[in-house]
Amino acid sequence: MTRQEQKLKTRQNIIHAAFLLLDENRSLSAISLREVAREAGIAPTSFYRHFKDMDELGLTLVDEAGLALRQLMRQARRRIASGGGVIHTSVETFMEFISANKNVFRLLLREHTGTSAAYRMAVFREIQHFIEELTDYIIEQQGVEYNIAQLQADAMVRLVFSAGAEALEADTKLKVEIGERVKAQLRFVQLGAMSKLASQTSADAS
């Protein structure tokens with residue numbers, strides 16, 4: 001392994017270690033550099049070869065969480081392309097993601113309303129990226145204009161994030177109930193968007 005490859009591996013180990021420490025009781029501000037270094041198997045002084053400070057690591061974690069969300073959407077699209085229903089497949093994929101990556105989702109939930117303005121803005125940007133990607137997908141699939149697609153995407157993301165927050169600590173039975181409820185809510189949003197489009201088209205034609 002080259003020096004550069006080793007450096008990248010150590011950086012990823014630090015990121016992974018920080019995510020592991022973000023459990024249901026601890027936020028970014030509650031973990032220390034020494035704890036992260038110990039979890040990553042490096043000396044505290046080695047941390048500074050990869051990140052300026054814990055704030056820089058925190059912003060990197062937000063970036064990683066946002067990337068994971070966008071990869072999740074692409075995974076859902078592949079499943080949909082192979083024959084799955086859009087809403088059912090998207091919600092099931094999201095719930096699987098939360099179960100497998102609890103701390104990644106916890107980070108986004110906590111820092112979205114946290115005390116750090118830098119983290120709040122970073123999470124806001126990542127959520128907006130997610131909404132924009134969903135907006136593009138809705139335009140592609142439904143042929144609606146941007147403002148309707150964007151409103152639909154924004155409502156859907158808010159509903160899914162809220163359901164995800166409930167599902168984090170829920171048992172299997174409750175997770176299923178939450179999933180079914182949010183699927184119904186998303187269908188209502190979709191129907192409302194299509195109704196808006198139909199009435200707009202009718203008004204334009206008259």
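This is a predicted model: local features need pLDDT of at least 70, side-chain atom pairs count only at pLDDT 80 or more; totals for chains, interfaces and linings use all residues.

Modeller: Start with the second largest pocket: its volume is about 270 Å³.

Colleague: Which residues are closest to the centre of the second largest pocket?

Modeller: They are His16, Phe19, Ala68, Asn101 and Val104, out of 14 lining residues. Now look at the elements. Those that give two or more residues to this lining are α1 (3–21), α4, α5 and α6 (102–112). The largest share comes from α4, with five residues.

Colleague: How do the residues of that lining divide by class?

Modeller: Eight are nonpolar, four are polar and two are charged.

Colleague: Let us turn to the other pocket. How is empty space found in general?

Modeller: A probe the size of a water molecule is rolled over the atoms, and this shows where empty space is left. Here, the largest pocket has a volume of about 440 Å³.

Colleague: How many residues line the largest pocket, and which lie nearest its centre?

Modeller: The lining has 22 residues. Nearest the centre lie Met73, Val86, Ser90, Leu134 and Met156. The elements that give two or more residues to this lining are α4 (54–81), α5 (86–100), α7 (117–142), α8 (146–167) and α9 (172–205).

Colleague: Which element gives the most to the lining of the largest pocket?

Modeller: That is α7, with six residues.

Colleague: And what is the make-up of the largest pocket's lining by class?

Modeller: Count 16 nonpolar residues, five polar and one charged.

Notes: Residues are numbered from 1 along each chain as its sequence is written. Side-chain values use heavy atoms; hydrogens and water are left out. On a 1 Å grid over the protein atoms alone, a cavity is a set of points where a 1.4 Å probe fits but cannot get out, and a pocket is an open set with protein on both sides within 12 Å along at least five of seven lines; lining residues have an atom within 4 Å of a point. Grid points are joined across faces, edges and corners, and a volume is the space filled by probe spheres set on the points. Helices (H or I, at least four residues) and strands (E, at least two) are DSSP runs, numbered from the N terminus. Ala, Val, Leu, Ile, Met, Phe, Trp, Tyr, Cys and Pro count as nonpolar, Asp, Glu, Lys and Arg as charged, and the others, Gly among them, as polar.
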